[in-house]
Amino acid sequence: MVDTRVNLCGITIDNPVIPASGTFGYGYEFAELYDINCLGTFSFKGTTLDPRFGNDTPRIAECPSGMLNSVGLQNPGVDDVIREELPKLERVFHKPVMANVSGFSTDEYAEVVKRLDRSAVSDMIGWYEINISCPNVHGGGMSFGTDAKMAAEVVKAVRWMTDKPIIMKLSPNVTDVTEIARACETEGADGISLINTLMGMRFDLRTKKPILANVTGGLSGPAVFPVALRMVYQTAKAVNIPVIGMGGVSSAEDVLEMMMAGAVAVEVGAANLVDPYASRNIVRDLPAAMKKYGIDSF
Ligand SMILES: Cc1cc2nc3c(=O)[nH]c(=O)nc-3n(C[C@H](O)[C@H](O)[C@H](O)COP(=O)(O)O)c2cc1C
């Protein structure tokens, strides 16, 4: 019998498989398809202080082995998440959930964490994943994740608001991701997750215009897997806090590669949009894949 359990910033989870933010809603939508308690945990949709409609459409473009998205952090706002979304999740998910927080200023990140942490549903939250890497919004998101000083400021601000583990989600759209990761660790982050999407674009040959209304979007899916793996490997060597790997993971074998690169857990994103059962299937396939490659535990 293999042991799939891992310890993520002090919390033991049954397996390292975590659906990624923005590809799994607030979880209960997928609970209509299968028992989501089979997952290690999942990261819910990036939540901001105010409700956001997101960017204009079209905001999805398919690519060979991946997809571009420019959704732009559509979400109902933190108060609605506390009042409506998390109580619905509580009925179907009985494990700590990862709260994905986004913002346009350091104060906004801190305020969202503060409201979640002092809410009636705060017991449901195991970790905060602070998204400083969204490439699809202007004046926030990725601008924090591409500057070590700004990234450190965000860590400092949210650190005051909670005793729960803070996982900083980093962008691949930088020259040296290890510099940003180290700055987050120094300021007191408990973990790092990466990668968010890689900036890209496509044209429609008939209209001769960019396909996405936002012009650029974030590339994810199997196309980015080798890039993600390289960045996870570099980051895991550079810091002494746990690293969650993601980017193009779509099979149990991909999970094993991420773990070999130094990840302690693995998020699964675009694969959930191709097949809503993808994360469940990875959890199901993981023990056999471990056995095949002679891995007893992580
Ligand atoms: C449609 C879509 C929406 C996303 N929304 C968020 C988000 O709200 N917050 C966040 O941190 N990452 C978001 N992401 C990024 C994913 O969580 C993940 O980091 C990225 O897609 C790479 O993983 P993948 O190749 O497995 O999709 C989104 C990705 C997609 C495809």
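Two strands count as paired when DSSP finds at least two bridges between them. With that in hand, welcome to this predicted model, a protein with 10 helices and 15 strands. The radius of gyration is 18 Å, close to the 19 Å that the globule rule gives for 298 residues, so the protein is as compact as a globular protein of that length. Here is a tour, topic by topic.

**Strand pairing around β15**

- Strand β14 (residues 243-246) runs parallel to β15, and three bridges join the two.
- Within this pair, I244 has A265 of β15 as its bridge partner.

**Strand pairing around β13**

- Strand β5 (residues 66-69) is antiparallel to strand β13 (residues 217-220), with three bridges between them.
- L68 finds its bridge partner in L219 of β13.
- Strand β10 (residues 198-200) pairs with β13 as well, again through three bridges and in the antiparallel sense.
- On that side, G200 is bridged to G217 of β13.

**The ligand shell**

- The ligand is surrounded by 25 residues, and the closest are A20, G22, G46, S220 and G269.
- How does the shell divide by residue type? The residues around the ligand comprise nine nonpolar, 14 polar and two charged.

**Nonpolar cores**

- The largest nonpolar core contains 87 residues, and M168 and V266 are those with the most contacts inside it.
- Beyond its neighbours within four places in sequence, M168 is in contact with I130, I132, A151, V155, C184, A189 and I192.
- Another core lies apart from that one and has five residues, among them V71, L73, C134 and M142.

**Overall dimensions and contacts**

- Along the principal axes, the C-alpha trace spans about 55 × 45 × 40 Å.
- Of the 298 residues, 51% count as buried.
- Taking contacts between residues at least 6 apart in sequence, 72% join residues at least 24 apart.

**Two residues to look up in the viewer**

- T12 sits in strand β2 (residues 11-13).
- T12 counts as exposed because it has 9 C-beta neighbours inside 10 Å, and the cut-off for exposed is 12 or fewer.
- Not counting residues up to four places away in sequence, T12 touches R5 and N7.
- The C-alpha atoms of T12 and V158 are separated by 23 Å, and these residues are 146 residues apart along the chain.
- E90 belongs to helix α2 (residues 78-90).
- Why does E90 count as partly exposed? E90 has 15 C-beta neighbours inside 10 Å, which falls between the cut-offs of 12 or fewer for exposed and 20 or more for buried.
- Leaving aside neighbours within four places in sequence, E90 is in contact with V121 and M124.

Technical notes. Residues are numbered from 1 along each chain as its sequence is written. This is a predicted model: local features need pLDDT of at least 70, side-chain atom pairs count only at pLDDT 80 or more; totals for chains, interfaces and linings use all residues. Helices (H or I, at least four residues) and strands (E, at least two) are DSSP runs, numbered from the N terminus. A residue is near a molecule or strand if its C-beta atom, placed from the backbone, lies within 6 Å of it. Ala, Val, Leu, Ile, Met, Phe, Trp, Tyr, Cys and Pro count as nonpolar, Asp, Glu, Lys and Arg as charged, and the others, Gly among them, as polar. A nonpolar core is a set of buried Ala, Val, Leu, Ile, Met, Phe, Trp, Tyr and Cys residues joined through C-beta atoms within 7 Å. Two residues are in contact if their C-beta atoms, placed from the backbone, lie within 7 Å. The radius of gyration is taken over C-alpha atoms; the globule rule is 2.2 Å times the number of residues to the power 0.38.
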